[in-house]
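Hi everyone, thanks for coming. Let me put the structure up on the screen, and then we can walk through it together.

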Amino acid sequence: VQLQASGGGLVQAGGSLRLSCAASGSIFSINFMGWYRQDPGKQRELVAVITSGGTTNYEDSVKGRFTISRDNAKSTVYLQMNSLKPEDSGVYYCVAEIYSDWYSGMEYWGNGTLVTVSS
């Protein structure tokens, strides 16, 4: 199983970016999917998460600006980021709990995608 993230880049403050993360491989089902951000020298912090049922949760600083969604048919999670601020900059990692059969679930991490917001 692999997670492949894409969509990062350089954007001016106030702009928008859309991150995507697609899971591939032996997938029976996917439980939660989410996005973390990591700044240099700091631990990864949860940005947003979405359950298999569509329930979402956001870090306080991104509420109202970011929207997480998923396409179960494509095993893909998205993060729409609007009204971006310089403090949103960092490497964004996707994560998902993926089951390859009825009982074997594991947490997988995708590659990081760099988001840089200029002031």
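Let's start with phenylalanine 28, which is partly exposed at a relative accessible area of 42%. Here buried means under 20% relative accessible area, exposed over 50%, and partly exposed in between, with a 1.4 Å probe and protein chains only. You'll find phenylalanine 28 in the loop between strand 3 and strand 4; strands are DSSP runs of E, at least two residues long, numbered from the N terminus.

A quick note on what you're seeing: this is a predicted model, where local features need pLDDT of at least 70 and side-chain atom pairs count only at pLDDT 80 or more, while totals for chains, interfaces and linings use all residues. Residues are numbered from 1 along each chain as its sequence is written, and side-chain values use heavy atoms, with hydrogens and water left out.

Now, the salt bridges. How many does the structure hold? There are two, each defined as a side-chain nitrogen of Lys or Arg within 4 Å of a carboxyl oxygen of Asp or Glu. In one, aspartate 60 meets lysine 63 at 3.0 Å, N to O. Aspartate 60 is exposed, with 60% relative accessible area, and lysine 63 is partly exposed at 48%.

The other joins the side chains of arginine 65 and aspartate 88, at 2.7 Å, N to O. This pair links distant parts of the chain, 23 residues apart: arginine 65 sits in the loop between strand 6 and strand 7, and aspartate 88 in the loop between strand 8 and strand 9. Arginine 65 counts as buried at 10% relative accessibility, and aspartate 88 counts as buried at 1%.

Next, the disulfide, meaning a pair of cysteine sulfur atoms within 2.5 Å. The structure holds one, between cysteine 21 and cysteine 94, with the sulfur atoms 2.0 Å apart. Cysteine 21 lies in strand 3 and cysteine 94 in strand 9, so the pair ties together parts that are 73 residues apart in sequence. The torsion about the S-S bond is about 50 degrees, so this disulfide is right-handed. Both cysteines are buried.

Last stop, the core. A nonpolar core is a set of buried Ala, Val, Leu, Ile, Met, Phe, Trp, Tyr and Cys residues joined through side-chain atoms within 4.5 Å. Which members of the largest one touch the most other members? Out of 28 residues, they are Trp35, Leu79, Met81 and Tyr92.

Definitions and conventions: Helix = DSSP H or I, 4+ residues; strand = E, 2+ residues; numbered from the N terminus.
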